[in-house]
Amino acid sequence: MIRIRNLESGYGKLRVLKGISIHVNTGEIVAIIGGNGAGKTTLLYTIANLVKPFSGTITVLGTDSTGLSPEKTVALGCSLVPEGRQLFPTMTVRENLILGSYPLMKKREKRRLPEEMERIYSLFPRLKERENQLAGTLSGGEQQMLAIGRALMSDPQFIMMDEPSMGLAPIIARDIFNKIEDLRNHGRTILLVEQNARAALRIADRGYVMETGNLIIEGSSEELMDNPDVGRAYLGKDFKRISE
């Protein structure tokens, strides 16, 4: 599905990613965990071609997408749910969702818009209730639902999510993680960046740990949760795998 080889990227002369190589297989949830400044968001932005790589290759769904425009990357079937949601606050829920369908419009598939809209409302019934409400007046959880829904409107096969639980109450965050699992169970492939490492690894198949632009550990979710270094650094000193 996605293969990254020796990826180096950053901003101006600042090199953030240092030879990153990862892969995400079809139908997987793969988690990227690490502290602030590790380069997790830069990795997602580079895959999405919002940040251009210095070197390395990005293959999306069998196509070399290295250095493509963000628009063409989305057209390949790759969507990003950005950190902080980045909605259009003075536009309605429906209008935000329609903006997410732009790739369909470009392909002259406007007829699919009602179908895609209903699919999003089926996944997030609360959005249907708030259809004509301004996005900026939604609760934090509702805004995150809308951000995910907007990314899904282009019918992507591969979805990247950057900190989907940020700022949410635990019960709302748990619901968001359940929805992410539902997406995987319905055939989506997901690359998940999340500060809440414990919650991310609970739903992920595999994971990578990043530190200062490097990958330092990789393995199955079980292996990472059982790794004492990962436990101390990211799961909390009192984390016990058996208690979960």
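Helix α3 passes helix α7 in a right-handed crossing. In this predicted model, the axes of α3 (residues 93-100) and α7 (residues 140-152) come within 7 Å and cross at roughly 35 degrees. The model also contains an open sheet of six strands with mixed pairing, on which helix α1 (residues 40-47) packs.

**Contact of α3 with α7**

- Two packed helices are described by the angle between their axes and the distance between the axes.
- On the α3 side, the contact is made by Val93, Asn96, Leu97 and Gly100, which meet Leu146, Gly149 and Arg150 in α7.
- By class, the residues of this contact divide into three nonpolar, three polar and one charged.
- An α-helix has 3.6 residues a turn, so residues three or four places apart point the same way.
- Helix α7 also holds Gln143, a residue that counts as buried because its relative accessible area of 17% falls under the 20% cut-off.
- Apart from neighbours within four places in sequence, Gln143 is in contact with Arg85, Leu87, Ala135, Gly136 and Leu138.

**The six-stranded sheet**

- The strand order is β6-β7-β8-β3-β9-β10.
- Strands of a sheet pair through backbone hydrogen bonds, either parallel or antiparallel.
- Strands β3 (residues 29-33) and β8 (residues 189-193) pair in the parallel sense over four bridges, and Ile32 stands opposite Val193 in β8.
- Strands β6 and β7 likewise run parallel and are joined by four bridges; the bridge partner of Val81 in β7 is Met161.
- In a regular strand the side chains alternate between the two faces of the sheet.
- From β6, Cys78 and Leu80 point one way, whereas Ser79 and Val81 point the other way, and all are buried.

- Helix α1 touches β3, β6, β7 (158-162), β8 and β9 (206-211), and its direction makes about 150 degrees with that of β7.
- Seven of the eight residues of α1 are buried, leaving this helix mostly covered.
- The buried residues of α1 are Lys40, Thr42, Leu43, Leu44, Tyr45, Thr46 and Ile47.
- Helix α11 (residues 228-235) lies across β3, β9 and β10 and runs at about 70 degrees to β9.

**Residues with positive phi**

- Most residues other than glycine have a negative phi, and most peptide bonds are trans.
- Leu61 has a positive phi near 55 degrees and is found in the loop between β4 (53-60) and β5 (63-64).
- With a relative accessible area of 26%, Leu61 is partly exposed.
- Gln86, in the loop between β6 and α3, has a positive phi near 55 degrees.
- Gln86 counts as partly exposed, at 46% relative accessibility.

Terms used: Residues numbered from 1 in each chain as written. Predicted model: local features only at pLDDT ≥ 70, side-chain atom pairs only at ≥ 80, totals over all residues. Heavy atoms only, no water. Pairing = 2+ DSSP bridges. Helix = DSSP H or I, 4+ residues; strand = E, 2+ residues; numbered from the N terminus. Contact = heavy atoms within 4.5 Å. Axes fitted to C-alpha atoms, helices over the stretch in contact; angles between N-to-C directions. Buried < 20%, exposed > 50% of the residue type's maximum accessible area, 1.4 Å probe, protein only. Left-handed = near helix turned anticlockwise from the far one by under 90°. Nonpolar A, V, L, I, M, F, W, Y, C, P; charged D, E, K, R; others polar.
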